Every structure is written in C-alpha cells, then in structure tokens.
Amino acid sequence: VQAFPLWFFHAMEFIYFAMFLQIGATLIFLALYDGRRQALQFVGTILFSYYIALLMFYLWPAQGPYYLCPAHFSRFPASLRTYNIQKTLIAHALALWRHEPISRISTDYFIAFPSMHIVQPIIVLWFLRRWRKMVIALAAYDLLLVAAILMLEEHYAIDILVGVPLAMLTIAITARPFAARTPISATP
C-alpha cells in the first residue's frame with residue numbers, strides 16, 4: 001500500500017466502481033440493438049448469478065481480505081470510499097455476530113466468495129460477443145478490474161477464480177437463445 005501514491009488508489013477505485021456502468025451500458029445497448037427480450041435475458045442472467053452467489057454466501061459467508069488483515073485500516077488510505085465501505089461492512093458483520101439490531105439492511109453483507117465483480121463482466125462479454133472491438137476493449141478493462149479488486153483488498157484471488165466458472169454456469173443455464181427453447185404444448 002505504501003509503494004503506490006494516493007492517486008493510484010483513487011484510479012483503482014474508479015475502475016472498481018465503474019464496473020457497474022458496464023452493466024448498465026450493456027443493458028441499454030442490448031435493448032437498443034437486440035430488443036427487449038435479449039435485454040431481459042441479460043438481466044435474468046445477472047440476477048440468476050446473484051441468486052447462486054447468495055446461496056454460496058449463505059453456505060459459506062466470507063468477507064474480503066480486509067476483514068482478516070489486522071493492519072489494513074492503519075495502512076490503507078482513509079480518504080478512499082472503499083475504506084469507509086469496508087469499515088461499515090465489518091461493523092455490521094460484528095453487530096450481526098453479537099445479535100445486535102441494525103437500523104437498516106444495505107451493506108450488511110458482502111458476497112466475497114465468489115467475486116460478483118468478475119461474474120458480471122464475464123456475462124457482459126458473453127452478451128456482447130458479436131461486437132468484437134467492444135469486447136476487446138471491455139476485456140482489457142476487466143484485466144484492470146482484476147488488479148483493482150486485489151489492490152483494494154476487496155477479494156482474494158480464489159474469489160475471482162471461482163467467479164469464472166460461476167459465470168459460465170449461469171450463462172449455460174440462462175442465456176440460451178429464445179429460439180432454441182421449445183414451448184410446452186398443451187396438446188399431445
């Protein structure tokens with residue numbers, strides 16, 4: 001952390017949070033160029049990946065590396081948004097552990113295993129695969145995203161690695177073309 005200047009971590013945060021723009025832009029792009037059905041199929045695939053990740057989180061509730069690093073908050077730049085988010089996540093996790101009531105549910109859970117910051121961009125790449133130049137640009141961005149995730153201590157490397165097969169499984173289950181699906185007929 002001390003090897004890099006503060007602006008570097010602000011750039012990492014920008015990359016980390018801009019991943020959500022990638023998802024929104026993909027939804028708009030698909031709706032405009034492929035229609036509502038394809039856009040809704042994209043949304044369904046993203047949601048299904050969240051359901052699987054929430055099930056995994058229920059079975060194995062894991063936090064990111066910041067949770068176990070005793071010196072994290074003494075050496076991590078306090079001016080970063082991720083710093084405050086991580087502190088809030090730890091405070092809420094400890095309150096839940098002590099069975100204390102919490103005022104609202106928002107950042108009370110953080111799906112660390114698997115990393116949804118990897119699952120979602122892979123799903124985006126799959127849905128945009130027809131547009132090769134766009135996919136190449138987004139894939140380059142996603143490589144920077146992996147670095148940002150690790151540098152901000154949001155996830156372990158295993159969280160990222162497990163995100164890849166989860167994305168592939170979700171795509172295999174939900175993202176089949178509509179034309180390939182055969183409707184259930186009421187008549188024999």
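**Exercises on an all-helix chain**

Of the contacts (heavy atoms within 4.5 Å) in the protein chain with a separation of 6 or more, 78% join residues 24 or more positions apart. The model is predicted: local features need pLDDT of at least 70 and side-chain atom pairs count only at pLDDT 80 or more, while totals for chains, interfaces and linings use all residues. Residues are numbered from 1 along each chain as its sequence is written, and side-chain values use heavy atoms, with hydrogens and water left out.

**Exercise 1.** State how many helices and strands the protein chain has, and what share of its residues is buried.

*Solution.* Step 1: helices (H or I, at least four residues) and strands (E, at least two) are DSSP runs, numbered from the N terminus. Step 2: the protein chain has eight helices and zero strands, and along the sequence the pattern reads α-α-α-α-α-α-α-α. Step 3: buried means under 20% relative accessible area, exposed over 50%, and partly exposed in between (1.4 Å probe, protein chains only). Of the 188 residues in the protein chain, 43% are buried.

**Exercise 2.** Determine how helix 1 and helix 2 are oriented to each other, and which residues make their contact.

*Solution.* Step 1: axes are lines fitted to C-alpha atoms, for helices over the stretch in contact, and angles run from 0 to 180 degrees between N-to-C directions. Step 2: the axes of helix 1 and helix 2 cross at roughly 155° and come within 7 Å. Step 3: angles under 35 degrees count as roughly parallel, over 145 as roughly antiparallel, 65 to 115 as roughly perpendicular, and the rest as oblique. Helix 1 and helix 2 are therefore roughly antiparallel to each other. Step 4: Ile-23, Thr-26, Leu-27, Leu-30 and Ala-31 of helix 1 meet Arg-36, Gln-38, Ala-39, Phe-42 and Val-43 of helix 2. Step 5: for residue classes, Ala, Val, Leu, Ile, Met, Phe, Trp, Tyr, Cys and Pro count as nonpolar, Asp, Glu, Lys and Arg as charged, and the others, Gly among them, as polar. The contact of helix 1 with helix 2 has seven nonpolar, two polar and one charged.

**Exercise 3.** Describe the packing of helix 6 against helix 2 and against helix 8.

*Solution.* Step 1: helix 2 (residues 36-59) and helix 6 (residues 116-127) pack at an angle of about 155°, and their axes are 11 Å apart. Helix 2 is therefore roughly antiparallel to helix 6. Step 2: a crossing is left-handed if the near helix is turned anticlockwise from the far one by less than a right angle, and right-handed if clockwise. The crossing of helix 2 and helix 6 is right-handed. Step 3: among the residues in this contact are Phe-42, Thr-45 and Ile-46 of helix 2, and Val-119, Ile-123 and Phe-127 of helix 6. The contact of helix 2 with helix 6 comprises nine nonpolar, five polar and no charged residues.

Step 4: the axes of helix 6 and helix 8 cross at roughly 40° and come within 8 Å, which means that helix 6 is oblique to helix 8. Helix 6 also passes helix 8 in a right-handed crossing. Step 5: the contact includes Ile-122 and Trp-126 of helix 6, and Gly-163 and Leu-166 of helix 8. By class, the contact of helix 6 with helix 8 has eleven nonpolar, two polar and no charged residues.

**Exercise 4.** Identify the residues with the most contacts inside the largest nonpolar core, and place Leu-128 in the chain.

*Solution.* Step 1: a nonpolar core is a set of buried Ala, Val, Leu, Ile, Met, Phe, Trp, Tyr and Cys residues joined through side-chain atoms within 4.5 Å. Step 2: the largest nonpolar core has 40 residues, and Phe-42, Ile-123, Leu-128, Leu-145 and Leu-152 have the most contacts inside it. Step 3: helix 1 (6-33), helix 2, helix 6, helix 7 (132-151) and helix 8 (157-174) each supply at least two residues of this core. Helix 1 gives the most, with ten residues. Step 4: Leu-128 lies in the loop between helix 6 and helix 7 and is buried, at 1% relative accessibility. Leaving aside neighbours within four places in sequence, Leu-128 contacts Thr-26, Phe-29, Leu-30, Met-134, Val-135 and Leu-138.
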